[in-house]
Amino acid sequence: MGSKRVVIDKSSQTLNAYEDGALVFRTQVSTGKRGKETPSGRFRAGYKERMRYSSRYHNAPMPYSVNIGGHYFIHGFSSVPSYPASRGCVRLPLGGAAQWFFRWVEPGTPVRIVGHWGSRSRPQPVAVRGRR
């Protein structure tokens, strides 16, 4: 078995999976929105459930769930925009990415969550003085 690790970057809203130091998978994700941010830090993949239902949010389905601590999961979802939109979990696209990740990740796999959505440099409007 090779060494596996996962890096989730909130700045780019991506998940990168590595095995033996090589990138083996990359996908878009959607992390927690303002006020419900996905925590940064070092975690480990915990238990996995093919279908989980949220105990916090009206029994919402969370297919291909991988617990990373407390009530935070990496799981499949039907809507995965390129910006933070979840209530703290990390959403994966259901069209194959969630299934692939669920099969690949093992309990104990290190998961590192880095970055900050607001840290991306975005063009700002420039005020032009002296023009009418």
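Predicted model: local features only at pLDDT ≥ 70, side-chain atom pairs only at ≥ 80, totals over all residues.
Helices in this talk are DSSP runs of H or I with at least four residues, and strands are runs of E with at least two, both numbered from the N terminus. Residues are numbered from 1 along each chain as its sequence is written, and side-chain values use heavy atoms, with hydrogens and water left out.

Let me start with Q13, which sits in the loop between strand 1 (4-9) and strand 2 (14-19). Although Q13 is not a glycine, its phi is positive, near 55 degrees. Is Q13 buried or exposed? Q13 counts as buried because its relative accessibility is 1%, where buried means under 20% relative accessible area, exposed over 50% and partly exposed in between, with a 1.4 Å probe and protein chains only.

Y64, in strand 6 (residues 61-69), also has a positive phi, of about 55 degrees, without being a glycine. With 13% relative accessibility, Y64 is therefore counted as buried.

Turning to helix 1, which spans residues 97-104, six of its eight residues are buried, namely A97, A98, Q99, F101, F102 and W104.

Finally, Q13 comes back in the lining of the second largest pocket, together with residues including K10, R34, E37 and W117. A pocket here is an open set of points on a 1 Å grid over the protein atoms alone, where a 1.4 Å probe fits, with protein on both sides within 12 Å along at least five of seven lines, and lining residues have an atom within 4 Å of a point.
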